[in-house]
Amino acid sequence: MQTYYFSMFISYQDFELLYRGAVRNVQVTDDNGKTIRLPAVKFIPWLSRIGIRGRFKLTLGDDNKFISLEKIS
């Protein structure tokens with residue numbers, strides 16, 4: 001398994017593009033500088049009126065398949 005930690009700060013207006021179909025993936029950079037692209041829908045549980053803000057832990061399997069995404073702060 002592989003684990004990545006990153007911060008995410010995106011406004012509600014920017015994330016709203018997901019609902020319009022203009023955005024399907026979110027690209028983040030982990031704490032070690034690795035760029036990761038994952039489906040934007042994975043962040044919906046943390047969407048609020050201000051958008052998405054916080055620290056996240058992404059876990060992928062050895063085959064780079066999604067296992068979990070957790071908000072850690």
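This is a predicted model: local features need pLDDT of at least 70, side-chain atom pairs count only at pLDDT 80 or more; totals for chains, interfaces and linings use all residues.
Partly exposed means a relative accessible area between the buried limit, under 20%, and the exposed limit, over 50%. Arg55 has 24% relative accessibility, so Arg55 counts as partly exposed.

Arg55 forms a salt bridge with Asp31. The closest N and O atoms of the pair are 2.7 Å apart. A search of the whole structure finds one salt bridge. Asp31 lies in the loop between β2 and β3, and Arg55 lies in strand β4, so the pair ties together parts that are 24 residues apart in sequence.

Next come the strands. β1 and β4 pair in the antiparallel sense. Nine bridges join them. Gln2 stands opposite Leu60 in β4. β4 also runs antiparallel to β5, residues 66-71, and five bridges join these two strands. Thr59 stands opposite Ser68 in β5, and Phe56 stands opposite Lys71 in β5.

β4 and β5 form a hairpin with five residues between them. Asn64 lies in the loop between these strands. What is the phi of Asn64, which is not a glycine? Asn64 has a positive phi of about 65°. Most residues other than glycine have a negative phi.

A second hairpin is made by β2 and β3, again with five residues between the strands. Here Gly33 takes a positive phi near 95°. β2 and β3 are antiparallel and pair over five bridges. Val28 stands opposite Ile36 in β3.

The largest nonpolar core has 17 residues. Phe6, Met8, Phe15, Phe43 and Leu58 have the most contacts inside this core. The elements that give two or more residues to the core are β1 (2-10), β2 (25-29), β3 and β4.

Phe6 shows how these parts meet. Leaving aside neighbours within four places in sequence, Phe6 is in contact with residues including Val28, Phe43, Phe56, Leu58 and Leu69. Phe6 also contacts Gly54. Both partners of the salt bridge, Asp31 and Arg55, are among the contacts of Phe6 as well.

Gly54 counts as buried because its relative accessibility is 10%, and buried means under 20%. With neighbours up to four places away in sequence left aside, Gly54 is in contact with Phe6, Ser7, Met8, Phe9, Lys71 and Ser73. How far apart in space are Gly54 and Lys65? Their C-alpha atoms are 23 Å apart, with eleven residues of separation in sequence.

Thr59 also lies in β4. Thr59 has a relative accessible area of 7%, so Thr59 is buried.

Ser11 lies in the loop between β1 and α1 (12-15). Which residues does Ser11 touch, not counting those up to four places away in sequence? Ser11 touches Ile50 and Gly51. The C-alpha atoms of Ser11 and Leu58 are separated by 20 Å. Along the chain, Ser11 and Leu58 are 47 residues apart.

Last, the surface. Tyr19, Val41 and Ile44 make a nonpolar surface patch of about 280 Å². Ile44 sits in the loop between β3 (35-39) and β4 (52-60). Is Ile44 buried or partly exposed? Ile44 has 33% relative accessibility, so Ile44 counts as partly exposed.

Definitions and conventions:
Residues are numbered from 1 along each chain as its sequence is written. Side-chain values use heavy atoms; hydrogens and water are left out. Patches are made of residues with over 30% relative accessible area and no salt bridge: like charges are joined within 9 Å, nonpolar side chains (Val, Leu, Ile, Met, Phe, Trp, Tyr) within 5 Å. Accessible areas come from the Shrake-Rupley method with a 1.4 Å probe; for residues, only the protein chains shown count as cover. A salt bridge is a side-chain nitrogen of Lys or Arg within 4 Å of a carboxyl oxygen of Asp or Glu. Helices (H or I, at least four residues) and strands (E, at least two) are DSSP runs, numbered from the N terminus. Buried means under 20% relative accessible area, exposed over 50%, partly exposed in between (1.4 Å probe, protein chains only). Two strands pair if DSSP finds at least two bridges between them. A nonpolar core is a set of buried Ala, Val, Leu, Ile, Met, Phe, Trp, Tyr and Cys residues joined through side-chain atoms within 4.5 Å. Contact means heavy atoms within 4.5 Å.
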